[in-house]
Amino acid sequence: MIIDTTEVQTINSFSTSGFFKEVYGLIWIIPILTLILEITIGVLVIVWLEREISAAIQQRIGPEYAGPLGILQAIADGTKLLLKEDLLPSRGDIRLFSVGPSIAVISVLLSYLVIPFGYRLVLADLGIGVFLWIAISSIAPIGLLMSGYGSNNKYSFSGGLRAAAQSISYEIPLTLCVLSISLRVILQVQLI
């Protein structure tokens with residue numbers, strides 16, 4: 001079979017067309033949006049279960065008025081939280097006060113990049129995925145400290161310190177457990 005050079009040029013120009021690059025860029029968004037949707041639904045279900053279980057333990061009626069069985073209560077709470085007035089401290093550092101919570105939330109969301117959700121379903125397939133996950137998730141206490149310090153209030157600052165200390169105290173054992181398993185796997189691979 002003889003292939004004409006004009007056919008090869010046509011195929012190459014077709015594969016390097018800007019249209020396919022744009023389509024690939026749009027297709028890449030689908031897993032990210034799916035992941036965000038699954039996380040949001042998971043949070044809604046966990047909040048609903050927490051309210052129902054707490055109500056059963058305390059022998060009281062749980063959420064029941066917002067939708068069937070109170071399913072829409074978490075959505076109502078989220079809507080209320082988004083529509084609340086944003087109060088900024090008058091004598092505080094507004095930039096630190098505003099950027100701090102963003103850093104805490106973004107570090108948590110970025111940690112989902114390296115978590116494999118299936119055999120070939122991972123957003124960023126890196127060789128250092130576990131270590132990057134630990135590094136990114138350890139940025140959250142900085143956001144907590146920034147928020148507490150930016151308010152220019154000693155009580156808010158001590159609350160930010162307490163939240164950061166609590167977060168760090170959870171991270172240290174988690175990091176040691178993850179690193180010990182990672183080192184065990186690395187040593188086992190090297191022995192084979």
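Residues up to four places away in sequence being left out, Ser182 touches Val130 and Phe131 (contact meaning heavy atoms within 4.5 Å). The model is a predicted one, in which local features need pLDDT of at least 70 and side-chain atom pairs count only at pLDDT 80 or more, while totals for chains, interfaces and linings use all residues. Numbering runs from 1 along each chain as its sequence is written, and side-chain values use heavy atoms, with hydrogens and water left out.

Ser182 is found in helix H7 (helices being DSSP runs of H or I with at least four residues, numbered from the N terminus). With a relative accessibility of 13%, Ser182 counts as buried (buried meaning under 20% relative accessible area and exposed over 50%, partly exposed in between, for a 1.4 Å probe and protein chains only). A polar atom of the Ser182 side chain lies 2.9 Å from the backbone oxygen of Val178.

One cavity of 30 Å³ or more is present (a cavity being a set of points on a 1 Å grid over the protein atoms alone where a 1.4 Å probe fits but cannot get out; lining residues have an atom within 4 Å of a point). The largest cavity is lined by Ile134, Ser137, Ser138, Glu171, Leu174 and Thr175. Helix H5 (129-137) and helix H7 (154-191) are the elements that give two or more residues to this lining, and H7 provides the largest share, three residues.

Asn152 lies in the loop between helix H6 (140-150) and H7. Although not a glycine, Asn152 has a positive phi of about 55 degrees. Most residues other than glycine have a negative phi. At 53% relative accessibility, Asn152 counts as exposed.

How values were computed: 1 Å grid on protein atoms, 1.4 Å probe; cavity = no way out; pocket = protein on both sides within 12 Å on 5 of 7 lines; lining within 4 Å. Points joined across faces, edges and corners; volume = space filled by probe spheres on them. Polar contact = N/O pair within 3.5 Å; in protein donor to acceptor, adjacent residues only side chain to side chain.
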